[in-house]
Amino acid sequence: MDFDALTTAVAFVALIAVGVGGASMSPMTLETTLMMVLPSAVVFGAIVLVLGVKHGEYRARNA
């Protein structure tokens with residue numbers, strides 16, 4: 001399966017939205033969720049995305 005930039009961005013936003021949506025159902029207020037959970041989820045997701053892309057490049061190069 002090939003991922004281009006658009007497909008990756010849509011999947012990234014969808015995963016963040018599902019995570020923040022689930023966290024918004026917790027007893028925390030929505031403001032707290034948006035101020036604390038959303039930014040940390042985006043940063044963590046970006047780090048994992050970069051690591052995943054680099055690992056995929058490594059695997060493709062050494063296959």
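Helix 1 crosses helix 2 in a right-handed manner, where right-handed denotes that the near helix is turned clockwise from the far one by less than a right angle. Helices are DSSP runs (H or I, at least four residues) numbered from the N terminus. The model is predicted, with local features requiring pLDDT of at least 70 and side-chain atom pairs pLDDT 80 or more, whereas totals for chains, interfaces and linings use all residues. Residues are numbered from 1 along each chain as its sequence is written, and side-chain values use heavy atoms, without hydrogens and water.

In the contact (heavy atoms within 4.5 Å), helix 1 contributes Thr8, Phe12, Ile16, Val20 and Ala23, while the residues of helix 2 include Leu34, Val37, Ala41 and Gly45. The contact comprises 11 nonpolar, three polar and no charged residues, with Gly counted as polar and Ala, Val, Leu, Ile, Met, Phe, Trp, Tyr, Cys and Pro as nonpolar.

The structure holds one salt bridge, defined as a side-chain nitrogen of Lys or Arg within 4 Å of a carboxyl oxygen of Asp or Glu. Lys54 and Glu57 form this bridge at 3.5 Å, N to O. Because these residues lie three apart in helix 2, about one helical turn separates Lys54 from Glu57.

Conventions:
Helices (H or I, at least four residues) and strands (E, at least two) are DSSP runs, numbered from the N terminus.
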